[in-house]
Every structure is written in structure tokens, then in C-alpha cells.
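This report describes the fold, packing and aromatic contacts of one protein model. The sequence and structure are shown first.

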Amino acid sequence: MGWLQRLFGMEKPDDAQVNPEPVAADDSGEDIPLERVGLNGEYDQSGLAKRVALAFDEDSQFDNIDSLYVAQTGSTVVLKGQVPSQEILDEMVAIASGVSGATDVNTDQVTVG
């Protein structure tokens, strides 16, 4: 089971992207904040967390990690749970940091081992 399915109960949309171009939410012409951009560029309250989950889905080395969760607080990605090693956590933080809209990655609630 992939990250999107496990965390958000959704299959990966065919045209989902980690860093899509935002589309206008309505005719107001206002830009969507990067942390609220969904998998297809639409407005999504949990857009950043979903795009980080998609990024983890795209890296097969994370396929067997099912004890870590992704959330967001504004533009901060919050990782919670357990990972097997510090090296894997460091790689996950680097990937999450590279998702557009992420200004910080909080790992205070992650245990290693």
C-alpha cells in the first residue's frame, strides 16, 4: 500500500505531480498558497502533505515504511512515527524539503530504530 493510500485513503491520480503548477481556485485570480496546492495544482487544505506523500511513493526505498505519518502545519511538513535509521530519516527530510511550499520539516515526533 502506497503512502497516499495509507495516509489519505486515495489512489494516486494519473496526472498527480509533486510540484504542479497552481491553478486559480476561482475567478478571483488569487494565487493558491504553495502549501495548499494539491496533487493536480488545485486548492487542497492538505496539499503539501499529500505532495510529500506522493514524493515518498515515488522512491521505492520507502515502500516498506508504514510506521511514519505525514502532516502539515501551514508550510511546515510534520513527520510523526518511527523510521528504521537516521540515514532514512535524513533522506526523507531532504525529499520533503524539496517539495514546493515546504519551508521546514519537523521531526520532533519521530523515533529512530
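## Arginine and aromatic rings

Arginine 6 lies over the face of tryptophan 3, with 4.7 Å to the ring centre. Arginine 6 also lies over the face of tyrosine 69, here at 5.0 Å from the ring centre. A charge is said to sit over a ring if NZ of Lys or CZ of Arg is within 6 Å of the ring centre and within 35 degrees of the ring normal. The model is a predicted one, in which local features need pLDDT of at least 70 and side-chain atom pairs count only at pLDDT 80 or more, while totals for chains, interfaces and linings use all residues. Residues are numbered from 1 along each chain as its sequence is written, and side-chain values use heavy atoms, with hydrogens and water left out.

A search of the whole structure finds 2 aromatic pairs. Rings of Phe, Tyr and Trp (its six-membered ring) pair if their centres lie within 6.5 Å; planes under 30 degrees apart count as stacked, over 60 as edge-to-face and the rest as tilted. The ring centres of phenylalanine 56 and phenylalanine 62 are 5.6 Å apart and the planes stand at 70 degrees, so this pair is edge-to-face. Ring pairs join Trp3, Phe56 and Phe62 into a cluster. Phenylalanine 56 has a relative accessible area of 0% and is buried; phenylalanine 62, at 0% relative accessibility, counts as buried too. The term buried means under 20% relative accessible area, exposed over 50%, and partly exposed in between (1.4 Å probe, protein chains only).

## The sheet

Helices (H or I, at least four residues) and strands (E, at least two) are DSSP runs, numbered from the N terminus. Two strands pair if DSSP finds at least two bridges between them. An open sheet of 3 strands has the order β1-β2-β3, with mixed pairing. β1 and β3 (104-112) stand at the edges with a single partner strand each, so one side of each has no neighbour in the sheet. On average, and with direction ignored, neighbouring strands of this sheet are turned by 15 degrees against each other. Axes are lines fitted to C-alpha atoms, for helices over the stretch in contact, and angles run from 0 to 180 degrees between N-to-C directions.

Strand β1 (residues 68-73) and strand β2 (residues 76-83) pair in the antiparallel sense over 6 bridges. In β2, alanine 71 has valine 78 as its bridge partner, and leucine 68 has glycine 81. The hairpin of β1 and β2 has 2 residues between the strands, and glycine 74 in this hairpin takes a positive phi near 65 degrees. β2 and β3 run parallel and are joined by 7 bridges; glycine 81 stands opposite valine 110 in β3.

Contact means heavy atoms within 4.5 Å. Leaving aside neighbours within four places in sequence, valine 70 is in contact with residues including Trp3, Leu7, Phe8, Val52 and Phe56.

Glutamine 72 is buried, with a relative accessible area of 16%. Not counting residues up to four places away in sequence, glutamine 72 touches Glu35, Arg36, Gln45, Ser46, Gly47, Leu48, Ala49 and Val78. Glutamine 72 and glutamate 35 are 37 residues apart in sequence and 8.6 Å apart in space, C-alpha to C-alpha.

Helix α2 (residues 47-57) is mostly covered, as 10 of its 11 residues are buried. Its buried residues pack against α1 (3-8), β1, β2 and α3 (86-97).

A nonpolar core is a set of buried Ala, Val, Leu, Ile, Met, Phe, Trp, Tyr and Cys residues joined through side-chain atoms within 4.5 Å. The largest nonpolar core has 28 residues, of which Trp3, Phe56, Val70, Val77, Leu79 and Met92 touch the most other members. At least two residues of this core come from each of α1, α2, β1, β2, α3 and β3. With 7 residues, α2 gives the most to this core.
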